[in-house]
Amino acid sequence: MYFAEIMHLAEQIESLAGALKTAAQDELMQIICKNRACWNSRCADILIGKEAQIGAGLIHEAVELFEIADQMEHQAKRMYQAELMNNQLATTRIY
């Protein structure tokens with residue numbers, strides 16, 4: 001079984017999800033604030049609304065990636081424990 005590889009991939013997914021969430025929360029909000037300061041009109045309001053929707057969508061995707069990484073870790077741990085139990089049963093089995 002590739003337990004270490006799965007755990008490493010889960011860590012990478014968590015790291016990418018964190019970066020995505022940070023980008024959506026901090027960097028996108030800074031861009032929205034800069035646009036608001038430079039451009040005041042009805043079109044700007046529409047654009048800012050769409051940017052905020054995109055940011056919320058990115059945050060939602062980041063949360064889902066965190067959940068996927070957590071599920072991967074949980075399943076990998078369960079599979080690893082099952083494999084250990086099977087090995088132990090195989091070594092103690094008497095025919």
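Cysteine 33 counts as exposed, at 51% relative accessibility; exposed means over 50% relative accessible area, buried under 20% and partly exposed in between, with a 1.4 Å probe and protein chains only. This is a predicted model, where local features need pLDDT of at least 70, side-chain atom pairs count only at pLDDT 80 or more, and totals for chains, interfaces and linings use all residues. Residues are numbered from 1 along each chain as its sequence is written, and side-chain values use heavy atoms, leaving out hydrogens and water.

**Cysteines**
- Cysteine 38 is exposed too, with a relative accessible area of 71%.
- The sulfur of cysteine 33 lies 11 Å from the closest cysteine sulfur, that of cysteine 38, too far for a bond.
- The disulfide count is zero, a disulfide being a pair of cysteine sulfur atoms within 2.5 Å.

**Helix α2**
- Helix α2 has 51 residues and reaches 75 Å from first C-alpha to last.
- That is close to the 75 Å expected at 1.5 Å a residue, where the expected span is 1.5 Å times one less than the number of residues.
- Helices are DSSP runs (H or I, at least four residues), numbered from the N terminus.
- Its buried residues include Ala44, Ile48, Gly55 and Ala76.
- Helix α1 (3-38) is among what covers the buried residues of α2.

**Glutamate 51**
- Glutamate 51 sits in helix α2 (residues 42-92).
- Glutamate 51 is buried yet has no salt bridge, meaning a side-chain nitrogen of Lys or Arg within 4 Å of a carboxyl oxygen of Asp or Glu.
- The nearest side chain of opposite charge, arginine 36, is 8.7 Å away.
- Beyond neighbours within four places in sequence, glutamate 51 is in contact (heavy atoms within 4.5 Å) with Leu28, Ile31, Ile32 and Asn35.

Definitions and conventions
Helices (H or I, at least four residues) and strands (E, at least two) are DSSP runs, numbered from the N terminus. Lys and Arg count as positive and Asp and Glu as negative; His and the chain ends are not counted.
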